[in-house]
Amino acid sequence: MKRWLADTLFLRLFALMWVALVGSHVGAYAVVKLFRETPPEHDRRSFVGSLPTFPSLPPTPGLGGPGPGGGPGPGDGPGGPRPGSPRHEWSGEPPRMGPPGEPGGMSWSLTVLDYGVRLLIIGLAAWLGARWLSAPMHKLAKAARSLGTSLGRDEGVPALDEAEGTVEVRDTARVFNDMAGQLHTQFKARGLLVAALSHDLRTPLTRMRMRLARLPEDPLVERCALDIRDMDELIDSALSLFRDTSSVGPLQSTDVCSVVQSLTDDLIEQGQPVTFSGDTAVADCQPVLLRRVVSNLVSNAVRYGQRADVSVGARGDVVQVVVNDHGPGIPASHLDAVFEPFYRVESSRSRDTGGAGLGLYIARDLITRQGGSLTLVNRAEGGLQAVVCLPARHVSASTQSS
Amino acid sequence: MNRCLVVDDDGEIRDGVRDYLQRFGMTVSTATSGAEMRRLVQTETFDVIVLDLMLPDDNGLLLCRWVQETAGIPVIMLTAHGDPASRVLGLEVGADDYLPKPFEPRELVARINAVLRRAQKGERNKEAGQRVVGFQGWQFDRLLRQLVSPDGVVVALSSAEYRLLSAFVERPGRVLSRDQLIELTRAPGVEVNDRSIDLAVSRLRQKLGDQAREAVLIRTMRGEGYVFDTKVSS
């Protein structure tokens with residue numbers, strides 16, 4: 001019982017509809033009656049009387065009833081109260097109803113008024129009810145949307161007002177806030193765990209590395225040192241998974257060409273088989289993260305495809321970074337799967353071509369977060385092609401001349 | 001002989017680093033905590049401090065700042081965090097270099113020597129003071145190694161371009177010969193020669209929008225070298 005009496009949406013809507021329907025009838029009746037008693041200036045034409053005779057709608061009987069009932073004209077008899085359509089034409093035609101205010105049907109303007117009042121009241125009620133329904137939905141959707149971006153960050157998660165609205169809305173708000181809070185705690189805990197793990201792994205790795213430094217030079221020692229470096233790289237990518245997926249920072253308008261070229265120049269300086277071609281192209285991105293992505297693609301190309309030919313260019317509304325290699329490519333069936341974390345094409349699961357299988361996953365994630373895309377295709381002439389697309393930003397031609 | 005202080009709370013790492021550095025002819029003292037380090041720094045003299053960022057009793061960043069303010073000894077930070085943000089932070093509080101754990105022991109020696117060389121030339125900590133310098137509407141961020149154009153577009157620099165531009169902004173208005181530039185932009189593991197200098201100059205001009213024919217920023221002085229012809233503000 002209490003449930004029904006409380007401020008529930010159920011009760012609100014039920015009451016609203018009931019009140020609106022009854023109110024519209026009563027309101028329309030009252031207004032029309034009011035106007036009828038104050039005689040309208042224009043005469044009533046009989047044929048308009050036929051207009052309100054929508055048999056299925058309540059107004060006509062409702063009005064027709066009291067009309068003849070109150071007036072002295074029941075002499076017209078049988079047709080009066082019932083909206084039989086032919087009868088109306090007769091009943092209006094003879095000026096029996098001559099005294100104003102006692103018509104058998106309704107005038108055009110009164111009909112409009114009658115319907116107008118009903119439409120207005122029902123419309124208002126519908127608007128109110130729709131708002132009761134949709135406003136909390138909007139708030140929920142908005143909060144859920146911002147939840148995704150704010151999870152795991154320090155600024156906290158969005159909270160809904162638990163004291164506002166009907167019982168159901170307050171319930172939903174409470175449940176949502178609980179859920180968001182739990183997600184947030186777990187996200188933070190996971191981040192802290194990974195950070196602590198990687199810190200606690202790096203300390204023993206450093207110890208091992210220093211122990212190796214005490215040993216005489218030996219190929220075995222060298223290989224141990226390599227393993228330590230590999231493990232450190234794995235920790236690094238696992239850490240970056242949590243660090244970078246939580247935020248990419250503000251996007252800056254960046255000369256993509258300069259980012260990529262500075263990377264390839266550095267690699268060329270180190271003697272890597274890398275080439276570059278391209279023109280100035282400006283996009284909104286995070287230069288440091290973009291460099292990491294392209295660096296990952298280029299090192300993949302060098303590792304699996306002997307060399308990397310990198311180019312940058314604006315194609316319409318996108319800035320493209322293309323990395324071509326001369327390797328065997330990836331079987332078409334694996335082209336999507338290589339973006340999954342820890343996935344590796346079967347044959348690459350060997351020591352020489354190590355890596356944790358996180359690179360492409362992180363790379364695509366970082367690019368997506370900057371509003372771009374990363375795709376892989378096998379080139380017709382052999383080798384793999386990685387394409388990074390970023391939405392271009394148009395600057396006046398005078399700013400960058402090369 | 002170079003005197004080095006190694007500060008780390010992990011005994012084996014501390015002793016391992018000490019033994020390794022001693023092989024390279026350094027005199028090494030060790031400290032296990034921030035308090036011990038403060039005491040040693042006040043009583044003895046050191047040429048360089050190798051400092052772990054995470055100590056049980058003290059914050060490495062605060063310790064680093066304290067060393068800079070009181071003794072002015074070069075500091076190389078070690079950290080197991082490996083977070084790019086902490087590198088920036090470490091360099092901003094005045095660390096001379098920053099090495100993530102686990103490091104290659106040889107790399108540590110190379111960094112120590114580089115820091116000592118800079119200290120002897122009296123060039124150290126120039127960067128810490130002015131992270132961003134400006135010239136003709138351009139902003140040069142030396143920590144992120146990037147330029148921001150007068151229109152606010154980020155332009156990234158390669159290592160070679162970064163070293164060259166660093167040399168230029170420290171000596172604006174001075175004619176620098178190719179030999180001087182080779183000396184100033186030398187980096188471990190990279191061969192710098194006339195050709196690579198010329199290449200880096202042309203790349204830099206391109207990125208700065210400086211026409212090679214009538215360059216105004218990096219002007220060619222025929223037979224002498226290059227001059228960075230502008231005012232630099234910090």
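Helix H9 of chain B, residues 194-207, has 14 residues and spans 20 Å from its first C-alpha to its last, close to the 20 Å expected at 1.5 Å a residue; the expected span is 1.5 Å times one less than the number of residues. The structure is a predicted model, in which local features need pLDDT of at least 70, side-chain atom pairs count only at pLDDT 80 or more, and totals for chains, interfaces and linings use all residues. Residues are numbered from 1 along each chain as its sequence is written, chains are lettered from A and ligands numbered from 1 in the order in which they are written, and side-chain values use heavy atoms, with hydrogens and water left out. Helices (H or I, at least four residues) and strands (E, at least two) are DSSP runs numbered from the N terminus.

**Helices of chain B**

- Several residues of H9(B) are buried, among them Ile197(B), Ala200(B), Val201(B) and Leu204(B); buried means under 20% relative accessible area, exposed over 50%, and partly exposed in between (1.4 Å probe, protein chains only).
- Arg203(B), Arg205(B) and Lys207(B) in H9(B) are also buried.
- Just after H9(B), Gly209(B) adopts a positive phi of about 70°.
- Ala110(B) belongs to helix H5 of chain B, residues 105-120, and is partly exposed, with a relative accessible area of 42%.
- Between the C-alpha atoms of Ala110(B) and Pro188(B), which are 78 residues apart along the chain, the separation is 8.4 Å.

**Chain A as a whole**

- Chain A contains eleven helices and seven strands.
- Of its 402 residues, 37% are buried.
- Among contacts in chain A (heavy atoms within 4.5 Å) between residues at least 6 apart in sequence, 67% join residues at least 24 apart.

- Five strands of chain A form an open sheet in the order E2-E4-E5-E7-E6, with mixed pairing; two strands pair if DSSP finds at least two bridges between them.
- Its edge strands are E2(A), residues 274-278, and E6(A), residues 373-378, each of which pairs on one side only.
- The twist from one strand to the next averages 15°.
- E2(A) and E4(A), residues 308-315, run parallel and are joined by five bridges, with Val274(A) opposite Ala308(A).
- E4(A) and E5(A) run antiparallel through seven bridges, and Ala314(A) faces Val319(A) as its opposite residue.
- The hairpin of these two strands has two residues between them, and Gly316(A) takes a positive phi near 65° there.
- E5(A) is mostly covered, with six of its seven residues buried.
- Seven bridges also join E5(A) to E7(A) in antiparallel fashion; Asn324(A) stands opposite Gln385(A).

- Helix H9 of chain A, residues 256-269, lies across E2, E4, E5 and E7 of chain A and runs at about 155° to E2(A); axes are lines fitted to C-alpha atoms, for helices over the stretch in contact, and angles run from 0 to 180 degrees between N-to-C directions.
- Helix H11 of chain A, residues 359-369, packs on the sheet and touches E6(A) and E7(A), its direction making about 135° with that of E6(A).

**The interface between the chains**

- In the interface, 42 residues of chain B contact 35 residues of chain A.
- The two chains bury about 3300 Å² between them, of which carbon and sulfur atoms give 52%; buried area is the accessible area (1.4 Å probe) that two parts lose on being put together, summed over both.
- Glu12(B), Pro102(B) and Val154(B) supply 17% of the area that chain B buries against chain A, more than any other three residues.
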